[in-house]
Amino acid sequence: MNTAFLRLAVPALAALLLSGCASVFLVDNQVQSFPRWQDRAPNAGVPAAPQVYRFERLPSQQEANARGQDELERYAEASLAKLGWTRAAPGVSAPWSVQVNASVVRLPHAPWESPWDRWGPYGYYGSPFALPGRDYVVTGSGQVIFFPPVPRFETPYYQRSVSLVIRDAASNRVVYETRGAHDGRWNSTPALWTAMLDAALQGFPTPPAGVRQVNIEVPR
């Protein structure tokens with residue numbers, strides 16, 4: 001076999017494998033769900049797919065951020081469709097109503113980080129003689145060298161959550177509630193919100209009790 005070919009092929013194959021590993025990122029979610037299907041009627045069982053529902057909105061969701069709510073409901077619609085629940089056509093009644101909500105808190109840095117951490121342990125320029133937050137260094141001979149101030153660069157950290165509530169349309173009783181939370185530096189994308197909703201709906205309609213971690217892989 002041509003050894004020159006092998007010398008070229010092996011690094012290329014390794015690069016391909018590494019690029020494949022880096023083609024997804026993990027969305028780790030803390031999820032908790034509360035099924036109450038029996039509350040809608042005596043001896044009521046768990047509904048089997050397929051089912052039809054309509055979305056319900058709070059007044060604030062109708063006025064303050066209607067466009068954002070439209071997008072969120074599209075993501076939820078896609079996640080519910082995977083479970084055999086489909087959105088009713090306009091003007092068509094449905095036995096279930098679904099309310100979905102989301103929130104984002106943007107922090108300048110992660111909660112466990114100190115503002116100095118982003119400048120390095122030795123100050124602006126990484127010198128072992130610099131003091132954190134100072135704009136000068138002292139050399140071994142005692143000479144003081146001043147530097148111009150360096151602007152801070154934020155690395156934002158996001159705390160996101162989603163919630164979904166299902167009501168029995170006839171009685172208006174809540175029969176299912178689920179919540180999911182994810183913290184990280186990822187920018188807001190449809191894939192990220194869909195992954196959070198998929199995680200929140202894992203195990204539907206009979207999820208395990210208690211708080212659990214649900215990891216979803218999302219293509220980059």
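**Figure 1. Arg87 and its salt-bridge partner.** In this predicted model, Arg87 is partly exposed, at a relative accessible area of 37%. Its side chain meets that of Glu73 in a salt bridge, 3.7 Å from N to O. The pair joins distant parts of the chain. Arg87 belongs to strand 3 (residues 85-87). Glu73 lies in helix 3, 14 residues apart from Arg87.

**Figure 2. Glu73 and Arg57.** Glu73 also forms a salt bridge with Arg57, at 2.8 Å from N to O. Again the partners come from distant parts of the chain: Glu73 from helix 3, Arg57 from the loop between strand 2 (51-55) and helix 2 (59-63). They are 16 residues apart. Is Glu73 buried or exposed? Glu73 is buried, with a relative accessible area of 2%. Arg57, at 23% relative accessibility, counts as partly exposed, because the buried class ends under 20%.

**Figure 3. The salt-bridge network.** Side chains of opposite charge can pair when their charged atoms come close. Here a network of salt bridges links Arg57, Asp70, Glu73, Glu77 and Arg87. The structure holds seven salt bridges.

**Figure 4. Lys82 and Asp198.** The closest N and O atoms of this salt bridge are 2.7 Å apart. Where do the two residues sit? Lys82 is in the loop between helix 3 and strand 3, and Asp198 is in helix 4. The pair spans 116 residues and links distant parts of the chain. Lys82 is exposed, with a relative accessible area of 55%.

Figure 5. Eight of the eleven residues of helix 4 (residues 190-200) are buried, so the helix is largely enclosed by the rest of the structure. The buried residues are Leu192, Trp193, Thr194, Ala195, Met196, Leu197, Ala199 and Ala200. Which elements cover them? Among them are strand 1 (24-35), strand 4 (96-107), strand 7 (157-168), strand 8 (174-184) and strand 9 (212-219). Helix 3 (66-81) also contributes to this cover.

**Figure 6. The whole chain, for orientation.** Four helices and nine strands make up the secondary structure. Along the sequence they follow the pattern α-β-β-α-α-β-β-β-β-β-β-α-β. Of the 220 residues, 30% are buried. Among contacts with a separation of 6 or more, 73% join residues 24 or more positions apart. The chain exposes about 13,300 Å². Carbon and sulfur atoms supply 59% of that area.

How values were computed
Residues are numbered from 1 along each chain as its sequence is written. This is a predicted model: local features need pLDDT of at least 70, side-chain atom pairs count only at pLDDT 80 or more; totals for chains, interfaces and linings use all residues. Side-chain values use heavy atoms; hydrogens and water are left out. Buried means under 20% relative accessible area, exposed over 50%, partly exposed in between (1.4 Å probe, protein chains only). Contact means heavy atoms within 4.5 Å. Accessible areas come from the Shrake-Rupley method with a 1.4 Å probe; for residues, only the protein chains shown count as cover. A salt bridge is a side-chain nitrogen of Lys or Arg within 4 Å of a carboxyl oxygen of Asp or Glu.
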